[in-house]
Amino acid sequence: MARTSESGDIDAGHTATPERGGYRRSTGSARGEARRRQLLDSVADDLAANGLVGFSLRRAARAAGTTHKVMLYHFDDADDLLVQAIVLLREKRIAAAFEAAGRDHARLSERVRALWSILTGAESGLRVLDQAIGLAMYDPARNAPLGVEASKQYLPLLLSICPAGWDDRRKHEVAAMILAALRGFLVDWLISGESTDANPGFAALARALDREEAARA
């Protein structure tokens, strides 16, 4: 995960982690889980609004209206908290994408285009998820969970929008292709700032999906 300073700040040049000696941990009771989820919701909202830069346990605690010691009672450290908050934000984005992809779209290519409009929509307020991609690329050994968890979360969505008549192998092959292509388009979009709707590569992907679907009809 992201490197942290002694205060839990994101730091590309240091390997120290937050001090946790002597802190009690949540036991997983129903009350403790409800409190943990409340804290996580507050942190996720802060990340969605303010992004990843400068994230720390103390910033997270301020957003949640508590102390960093309380955060360490419910989470392992800043890295653990960040992963869980990113996963929660992805869940919200994926839920919206799933709803959009299922609205009156007969072809797979149309479902993918509808899904893409949600993934890149400014109204989502989730640019932090795009920042997390950069963090995973910057230090893949340490930040691997950000990328691995993203694949685990997005792949079921992509499998679900494949034609029902396809066998499992074909669904997994096409879903993996879509996931890789959309990641590439996302990076290109973030770098260039150009609309992906006008990207000839995206049009080519749509045609490839149409051909794949027609061949399996």
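**Figure 1. Overall fold of the predicted model.** From the N terminus on, the elements of the protein run α-α-α-α-α-α-α-α-α. The secondary structure comes to 9 helices and 0 strands. Helices (H or I, at least four residues) and strands (E, at least two) are DSSP runs, numbered from the N terminus. This is a predicted model, in which local features need pLDDT of at least 70, side-chain atom pairs count only at pLDDT 80 or more, and totals for chains, interfaces and linings use all residues. Residues are numbered from 1 along each chain as its sequence is written, and side-chain values use heavy atoms, with hydrogens and water left out.

**Figure 2. Confidence along the chain.** pLDDT is the predictor's confidence in each residue, from 0 to 100. Its mean for the protein is 80. Of the residues, 81% reach 70 or more. Which elements have the lowest and the highest mean pLDDT? Helix α6 (residues 127–138) has the lowest, at 78. Helix α2 (residues 57–64) has the highest, at 94. Over residues 1–22, pLDDT stays under 50. For that stretch the model has 64 contacts beyond four places in sequence. Contact means heavy atoms within 4.5 Å.

**Figure 3. Surface and interior.** The protein has 217 residues, and buried ones make up 43% of them. Buried means under 20% relative accessible area, exposed over 50%, and partly exposed in between (1.4 Å probe, protein chains only). The accessible surface comes to about 11200 Å². Carbon and sulfur atoms hold 54% of that surface. Accessible areas come from the Shrake-Rupley method with a 1.4 Å probe; for residues, only the protein chains shown count as cover. Among contacts between residues at least 6 apart in sequence, 67% join residues at least 24 apart.

Figure 4. Rings of Phe, Tyr and Trp (its six-membered ring) pair if their centres lie within 6.5 Å; planes under 30 degrees apart count as stacked, over 60 as edge-to-face and the rest as tilted. By this rule the protein has 2 aromatic pairs. In one, the rings of Trp116 and Phe202 have their centres 5.9 Å apart and their planes at 50 degrees, so the pair is tilted. Trp116 lies in helix α5 and Phe202 in helix α9 (residues 200–215), so this pair ties together parts that are 86 residues apart in sequence. Trp116 and Phe202 are both buried. In the other pair, the rings of Phe185 and Phe202 have their centres 5.4 Å apart and their planes at 50 degrees, so that pair is tilted. Phe185 lies in helix α8 (residues 168–192) and Phe202 in helix α9, so the pair ties together parts 17 residues apart in sequence. Phe185 is buried too, as is Phe202. Ring pairs link Trp116, Phe185 and Phe202 into a cluster.

Figure 5. Serine 109 is found in helix α5 (residues 108–119). Is serine 109 buried or exposed? Serine 109 counts as buried because its relative accessibility is 6%. Leaving aside neighbours within four places in sequence, serine 109 is in contact with Ala206, Leu209 and Asp210. Phenylalanine 202 has its place in helix α9. With a relative accessible area of 2%, phenylalanine 202 is buried. Phenylalanine 202 and serine 109 are 93 residues apart along the chain, and their C-alpha atoms are separated by 9.9 Å.

Figure 6. Phenylalanine 75 has its place in the loop between α3 (68–74) and α4. At 0% relative accessibility, phenylalanine 75 counts as buried. Phenylalanine 75 and leucine 39 are 36 residues apart in sequence and 9.9 Å apart in space, C-alpha to C-alpha. Valine 70 lies in helix α3. Its relative accessible area is 28%, so valine 70 is partly exposed. Valine 70 and leucine 39 are 31 residues apart in sequence, with 9.5 Å between them in space, C-alpha to C-alpha.

**Figure 7. The largest pocket.** The largest pocket has a volume of about 340 Å³. Of the 22 residues that line the largest pocket, the closest to its centre are Ile133, Ala150, Tyr154, Arg183 and Leu186. Helices α4 (78–101), α5, α6, α7 (140–160) and α8 each supply at least two residues of the lining. On a 1 Å grid over the protein atoms alone, a pocket is an open set of points where a 1.4 Å probe fits, with protein on both sides within 12 Å along at least five of seven lines; lining residues have an atom within 4 Å of a point. Grid points are joined across faces, edges and corners, and a volume is the space filled by probe spheres set on the points.
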